[in-house]
Amino acid sequence: MLSGGFKYILVLTILCVFHACGKRTVSNEITQNIDTVSTRLLDSLETVAYQYPERYIQQADSFVNQIEGIIQRVEDKVIYAYILMNVAYSLKEHGNLYESIKYYEKAYQYVHENKLADIDIAALVIKPLANLYTRIDDIEKTVGLLEHALSETSEPQQKIALLNNLALAYLYLPAPQKSISLSHQSLSLGPRNTLTEALIYNNLANAYQQIGNRDSCYLFNKKAIAIFEHSSLQADTLSWYTSALLLRGELNESPKDFETALRLLNNASNNGYQREKAKVNLQLAELYTHSKRPGDSKKYFTESLALLSPLRDPNGYVTDYTYTHALTGIADNYEFVHDNDSAFYYYRLAIENDFRTQQLITGREGHLKNNKSSRQRVEKMLSTASRLLGNTTEEAIAQEILKTCFWLTELSKGRLLINEISRSSNWSQDSTTLGHKLNRLQHIYRQIHSVQDNPLKKELKREAQQLLLELQIDEKFYEKKFEVPDINLFSEKIGNSTDYHYTYFTNADSSLYILSCNNGTYRLHKVGNSIVKTVDTFKSTYFGHSPQAYNNDPKAYDLMATTICSALLPELPQRDGTLFISTDGSLSGLPFDALRQGNEFLVEHYNLSYLHTFILKEYISPPILPPSKINILYRSNYTPPLPNLLFADQEAQELQRRYQTAVYSEERQSIDDLQSAFAARDILHIAAHTSLDDNNSPMIYLRTPLSIDQIKVSWIGSPLIFLSACNTASGENLTSEGMESLTRAFLTKGVPSVLATYWLADDEATLDITTTFYSNLLQEKNPINALGQAKRAFIAHSNEQGQNPWYWANINHSGIDTEILLTQKRDLTSLLISALILSLLAIAGYSYRRLRSNGSLVKINEESEDKP
């Protein structure tokens, strides 16, 4: 009704203006009158946005969209910006944090795009937006936004406020020492006995608690509360005060302060503070849990859930970590009283809700921090499931439990990777808006890894950080709709497959849960922590810089490889097939195909592929493409200490001889050339040295280094990427995310198949396996099968030392099962023969038609002569 009413008023007023003007044609006067009407209408809408949020809070988009068409002058733009900010604020006050972020981001963009200098963007947009990012754990955005604002602020009070918000953000990372340093810097700039000072004391108290300094924590908590108690408790001030009370209650292990905080929030003049109340209930419940009072604990966990339940999204999730923690708390309560069925149910709800909530943040550090807390939840779930299975005699019930365990384990892994894939997909659909920033980032990253001048490198990194921040805001992340994976579709893909699936979860004590699905049957096993130590020793001994360990004692290798195989792949049938592995922790980088089953390597019976999580099968789709050529990027000549790569030349020549190719040698590796090769819907083959950058992140040394950062902001259209270089699948092991490798960088772009190496590549072996792989791919059209066959062929024609896995097991496939059509090159002789055959056929066909034609004419003539 509001939207229609305002449109009616607008139309009616404009008609009155025209009627009053009669038949006059003084267009300037009409325009001025319309401008006046538009401004008055905007003023009215601003009043609604500020004073009557209940009229639009459920349909904010409809309310705002009607305004855009009536903006005429600069003054109107200022009013519109204030409307956006008021809508954002109202949404925040009503607990809708993500919608609030969306509108603050709109306001941020609008003020910048229209250069509205009169608006105090730091106070009115950046501070509340940064606080919202902090509340949803998107801390890197918070830090980037505030640091940029600080660099442009000279006004002391504004600087204090920004420093204080930044100190709060560092508490959430957590980086308590940085928070302490910033808080003391704020105190040195500001006046005493103010609310700002109280907030600084609050930050200091929490920071000192994080580092275990209880005396300082008590001191600053006491100072904060003393100021709050003599202040007007409204809006944010009330939230800050309750935060200080909660810390004091936690320090004293007493519910009194928690109950005071709840009473203050309940007595607040408006009906907001739902999230704050839920958080107080959560912390009170945790206090009772610690005191082993499950009845009281469950009561407050349940109240926390009830307060947040109205915020459910259409899929039934409440995207708030407080809700997830409350679900976990109830599960813990049921586990405490040995109600395993109820505990398992609530752990499942918590893990599913946690996945959905985490997909709404974009920062790497925020994801990794939440991955750590998620692991505790998953370990409890698997432990509860093990007890349930011990008490279950019905196979159908057991299979349902195991299927759910398999799903929840995979839902806890690769969350950052899934988020990056979703964002990359949205970038490709919005290339016009974001393309300029992505291209600029590619240029900057290329420069960062090329220049030696440290001050210039520092400035380039600063520019990259600012561009990334702008990109994150411009991508309108909170306006996008993301598909939530479905357990039924997931289980159908896994359970109905004839392939073998094994997934792993490493517990806090380094023991392992192993879940498998073979021919639709799920199984759960647990092995002790000794196997992880064995795997670490196995990798470091046999897959380092030299093949000598195997050559010195193949039988010792066989024994260790057989032991690991029997432990990690229980109940794996001894028959041919494809084995999909979802690794975890130390198992990342282990070449499973080099393990021994009986007297043979696993690869002699199985093709293998690795995924960071099997959920990727929901997010990466096999492409339907026409036959592909191979785009070859290579570099063979280097300056010391890097040796030349003779095999790279040979590899490129061999591929050119056999297949349709486009070759990008060192002379053809400008940024435009790379963009062209990356964007093409063809196979991409890269042969070059790989090394680590300043952050121990791998880079490919083409004409200029190609970094993970550069790959992540590139358009990648290839269905298959072969990284024929050393250590391209290696990197830092990220919590629940696998290796931060070049392989993973290409997977973030939605590439279905990536072939890469775990350790140093042997030139001859790599050339042999690469050549055979492409030959097999031409016939098989399946990269996983083609690689397995290439390895089997290498083993078959090698002597005993040549069968050493160090030579052939370093190349591995990551990704999903897909079909690739490779285009074979026809040599000149074949083309001439084909052309000759076609010519002869054409001549024969022409002659035949002539003969048929002449014969028919003769017959007709003969018949004509017989007629009277």
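Is tyrosine 758 buried or exposed, and what is its relative accessible area? Tyrosine 758 is buried, with a relative accessible area of 14%, where buried means under 20% relative accessible area, exposed over 50% and partly exposed in between (1.4 Å probe, protein chains only). The model is predicted, so that local features need pLDDT of at least 70 and side-chain atom pairs count only at pLDDT 80 or more, while totals for chains, interfaces and linings use all residues. Residues are numbered from 1 along each chain as its sequence is written, and side-chain values use heavy atoms, with hydrogens and water left out.

The chain contains 35 helices and 18 strands; helices (H or I, at least four residues) and strands (E, at least two) are DSSP runs numbered from the N terminus. Of its 868 residues, 54% count as buried. Contact is defined as heavy atoms within 4.5 Å. Among contacts between residues at least 6 apart in sequence, 72% join residues at least 24 apart.

Tyrosine 758 forms an aromatic pair with tyrosine 610. Rings of Phe, Tyr and Trp (its six-membered ring) pair if their centres lie within 6.5 Å; planes under 30 degrees apart count as stacked, over 60 as edge-to-face and the rest as tilted. With 6.1 Å centre to centre and 70° between the planes, the pair of tyrosine 610 and tyrosine 758 is edge-to-face. Tyrosine 610 belongs to strand E7 (residues 606-611), and tyrosine 758 to the loop between strand E17 (753-757) and helix H32 (763-780), 148 residues apart. Tyrosine 610 is also buried, at a relative accessible area of 5%. Both tyrosines belong to one aromatic cluster, which includes Tyr504, Phe592, Trp759 and Trp808.

The structure holds 32 aromatic pairs. In another of these, the rings of tyrosine 208 and phenylalanine 220 have centres 5.8 Å apart and planes at 10°, so the pair is stacked. Tyrosine 208 lies in helix H10 and phenylalanine 220 in helix H11 (residues 214-228), 12 residues apart. Both residues are buried.

The charged end of lysine 617 sits over the ring of phenylalanine 580, 4.1 Å from its centre. Lysine 106 lies over the face of tyrosine 103, at 5.9 Å from the ring centre.

A nonpolar core is a set of buried Ala, Val, Leu, Ile, Met, Phe, Trp, Tyr and Cys residues joined through side-chain atoms within 4.5 Å. The largest has 182 residues, of which Leu568, Leu569, Leu579, Phe592, Phe773 and Tyr774 touch the most other members. Beyond residues up to four places away in sequence, phenylalanine 773 touches Leu720, Phe722, Leu755, Pro783, Ala786, Leu787 and Ala790. A second, separate core of 63 residues includes Tyr80, Ile101, Val125 and Leu146.

Helix H9 (residues 176-189) has 14 residues and reaches 20 Å from its first C-alpha to its last. Its buried residues include Pro176, Ile180, Leu182 and Leu187, and the buried residues of H9 pack against helix H8 (156-172) and helix H10 (195-210).

Glutamine 442 is located in helix H21 (residues 431-448) and is buried at 2% relative accessibility. Leaving aside residues up to four places away in sequence, glutamine 442 touches Ile671, Gln675, Gln710, Val713 and Ser714.

Key
Expected span 1.5 Å × (residues − 1). Lys NZ or Arg CZ within 6 Å of the ring centre and 35° of its normal.
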